[in-house]
Amino acid sequence: MDGLKRLEYRGYDSSGIAILDGNSIFSIKEVGKIVELEKKIGEKEIIGNIGIAHTRWATHGVPSVENAHPHTDCSGKIWIVHNGIIENYQQLKNNLQKKGHIFKSETDTEVLAHLIEDLYDGDLMMSVKKVLKMITGTYGIAVFHSDEKDKLIVSKKGSPLVIGVGEMETIVASDVSAILRYTKQVIYLEDGEIAEIDKNGFKIFNSNDEQLEKEISEVEWDLNQAEKGGYPHFLIKEILQQPETIMDSIRGRLIPEEGLAKLGGLFSEVERIKNIERIIIVACGTARCAALVGEYMLEEYAGIPTEVDYAHEFRYKKQILNDKTAVIVMSQSGETADSLAAVMEAKRKGILTIGIVNTVGSSIARETDVGIYNHVGPEISVASTKAFTSQISILSLLTIFLGRQRDMSLVTGQRIAKELLVLPEKIKKILESEDQIREIAQKYSGATSFAFLGRKYNHPVALEGAIKLKELSYIHAEGFAAGEMKHGPIAMIDENFPSFFITPQDSVYEKNISNMQEIKARAGKIIAIATEGDKEISKHADDVIYIPKALEMLTPILATIPTQLFAYHMAVIKGLDVDKPRNLAKSVTVE
Ligand code: AGP
C-alpha cells in the first residue's frame, strides 16, 4: 500500500493487490484513488511473503473493478500486474477463447495470465519466457503462481522496472520512489531482461537466457524529497522550490569569468558535438514547450539551425538526418514512451542522441549516448513546473557550451552566465506576488476559456501557460503566437474570453502592445505579465503582474512563474485534485 501511494502520481483511476500466503491468495481491487482500496480492505488482517500491486492508467477498458489489476487466469493460481500495452492481445485472446478460456475483463493484460496458464508445465519462469516471445508491445510485469509459493517473476520491455535490493527482501517497482523507504540499492532492468526472485534473492537473465551480474546503483535522493514537507500540495511546493532548483540545475556547470559552460555528461562525445550543424529537439507536453525556447536560444546565440518535434510525430515521419545532426530528447520522467521511442529511432539511424532528463537511471537517460541531468529532485505533481524552468536553464547552458565552441564571444558567454546566476533571486521576487495572483485567479474564476499570448521567446511560455491551466483547472485554454490572433482566433474574443499576455520589455514589446490594443478594441479582458517599472502597460491591461528585467532569452523562466501560480490557485478555487488531475499520468509510459 505504501508503494502504491508513492506510485499513484503515475496513474490513478483504479488499483489492486494480490498477496500469496502459502497457497492461499488474498486479492482485492477498487476503482478510484488508493484511499478507496484502503477503505475496501478496512481492518482485514492480510499476511503473506509475496505480493503484487498496481495503480492503473486505463488503456484498454474503462476504469472498473474488473479491469483493475492484478489479473488472473481461469484457475485463479496465476496473478499478474502489467505496465504497458500488448498490441497483439486481441488475436491472442481470440485463440485462447477458442480453447475455452473465460475472460473477466476487457484488458490486454489479462491475456498474459491466460497465456501463461496455457503454457504452464510446473515451471513459471519457463512459461513466462515463452509467453513474452509471443507478444508484441511494451511491458513491465510481475507474476506469481500459487503452486510456486516462494517465487516472483518480473520482466520489462519498453516500460521501466527497478529491483530494490534489501535485507532479506527484494522490492520491484516501476520507479525508485516506491522502493526508497526500504533500500537505496537498486538495479535497473534493461529491455528483454527477466528476473526470478525468491527468498534467497534473485537471478537475472537476458533475452538469450544468459544469467547476468548486474551493477547495483545507489539512489541519490531521499524519501523526504518525495514528501510534501508541510505544503498543501506537491505542486505549490515544487513551484516555490524553483529558486533552489534553478541553482541546483546550474551549480558547478558555469565558469562565469570565462563565459563557459561545463557539461561533464557530454564529454565522451565532445568531438562529434563540435561538428553538429543541425539540432532536432524531441519531446512531449511541457518538455516540448521548453524545447521551443531552446530553439530560439540555439539559433540566436549558438548559430545552429534547430527544430523542435513532437516525439510522437518524430518517430513516424520520414526524417532527413545525417552525421552532423544531433537529436536532443527532453523528458522529466525519462520514461515517456514516445520520447523513448524517438531515442531508439535516432540511434537506429546512427544519429547522436543527447538526453536532458530529470529522473536518474531512467530509460531515456540510459539509452541516450550522452546527457545532462536536471538535478531538481523528484517532481511528484503531475503538472510539471520546476522541471520546465530547469529544462530552459539547461538549454541555456547548452547554448553557451555549443556557442562558445563556435562564434559566441567571451562577453556574450559571460553575460548569459551572469544573468543565469541571478535568476533565483528574481524568481523569489515573483513568488512574493502570490497573493495578488490568487486574487486575479479568483476574479477570473468564472471564465470558461482563456487565450495565452506571447511572441518570440515567450510564445512557448504562452503555450505552456495554456497547458498548465487546462490540466489543472479543466478550463479551455489555448496558447497563441500573439501575431497569429488576427488571422482567426481573435474572432473568439469578447468580454467573457480573457487573455493572458506575456509582454516583457523585449525586442518585440511594441508589437505585443498593438496586439493588446486589438483585443481591448473587442472588449477583451487582459492579464499582462510585464517588466517591473513598465508604466505604459497598465493602460492596455486590466491586471498586471510584474517580473524583474532579464536577458530576453531568459525571460521565459521568469514569465512562466505567474502562469504556474495562476493555474494552481484556479485549481484550488475550483476544489480540484491539484496533484492528480483527472485523466492524466505523470509519466505516460504507453503510446
Ligand atoms: C506536464 O505538466 C504534463 N504532465 C505533460 O505534458 C508532460 O510534460 C509530458 O507528458 C512529458 O513528460 P516528460 O517530460 O516526463 O517526458
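Predicted model: local features only at pLDDT ≥ 70, side-chain atom pairs only at ≥ 80, totals over all residues.
I began with the second largest pocket: helix 9, strand 19 (325–331), helix 11 (337–348), helix 17 and strand 23 (476–481) each supply at least two residues of its lining. Helices (H or I, at least four residues) and strands (E, at least two) are DSSP runs here, numbered from the N terminus. Residues are numbered from 1 along each chain as its sequence is written, and side-chain values use heavy atoms, with hydrogens and water left out.

**The pocket**

I looked up its volume and found about 750 Å³ for the second largest pocket. For the grid: over the protein atoms alone at 1 Å spacing, a pocket is an open set with protein on both sides within 12 Å along at least five of seven lines, a cavity is a set of points where a 1.4 Å probe fits but cannot get out, and lining residues have an atom within 4 Å of a point. Points are joined across faces, edges and corners, and a volume is the space filled by probe spheres set on them.

I count 36 lining residues for this pocket, with Cys-284, Gly-285, Thr-286, Glu-471 and Val-588 nearest its centre. Helix 17 gives the largest share of that lining, 6 residues. By class I get 15 nonpolar, 12 polar and 9 charged residues in the lining (nonpolar is Ala, Val, Leu, Ile, Met, Phe, Trp, Tyr, Cys and Pro; charged is Asp, Glu, Lys and Arg; the others, Gly among them, are polar).

**The ligand**

Where does the ligand sit? I find it in the second largest pocket, the test being that more than half of its atoms lie within 2 Å of the grid points. Helix 9 (285–301) and helix 17 (459–473) are the elements that give two or more residues to the shell around the ligand. Helix 9 has the largest share of this shell, with 3 residues.

The shell holds 13 residues, and Ser-331, Gln-332, Ser-333, Thr-336 and Glu-471 come nearest to the ligand; a residue is in if one of its heavy atoms lies within 4 Å. I sorted the shell into 4 nonpolar, 7 polar and 2 charged residues.

One is 2.6 Å from a side-chain N or O atom of Ser-331, and a polar side-chain atom of Ser-333 lies 2.7 Å from a ligand oxygen. Thr-286 brings in a polar backbone atom, 3.0 Å from an oxygen of the ligand. My cut-off for a polar contact is a pair of N or O atoms within 3.5 Å. The protein buries 90% of the 410 Å² that the ligand exposes when taken alone (Shrake-Rupley areas, 1.4 Å probe).

The largest cavity contains about 40 Å³ of space, and its lining divides into 1 nonpolar, 1 polar and 5 charged residues. Helix 12 (residues 363–367) gives the most to that lining, with 3 residues.

Last, the backbone: His-69 and Pro-70 are joined by a cis peptide bond, omega about 0°. I place Pro-70 in the loop between strand 3 (50–56) and strand 4 (71–72).

How values were computed: Polar contact = N/O pair within 3.5 Å; in protein donor to acceptor, adjacent residues only side chain to side chain.
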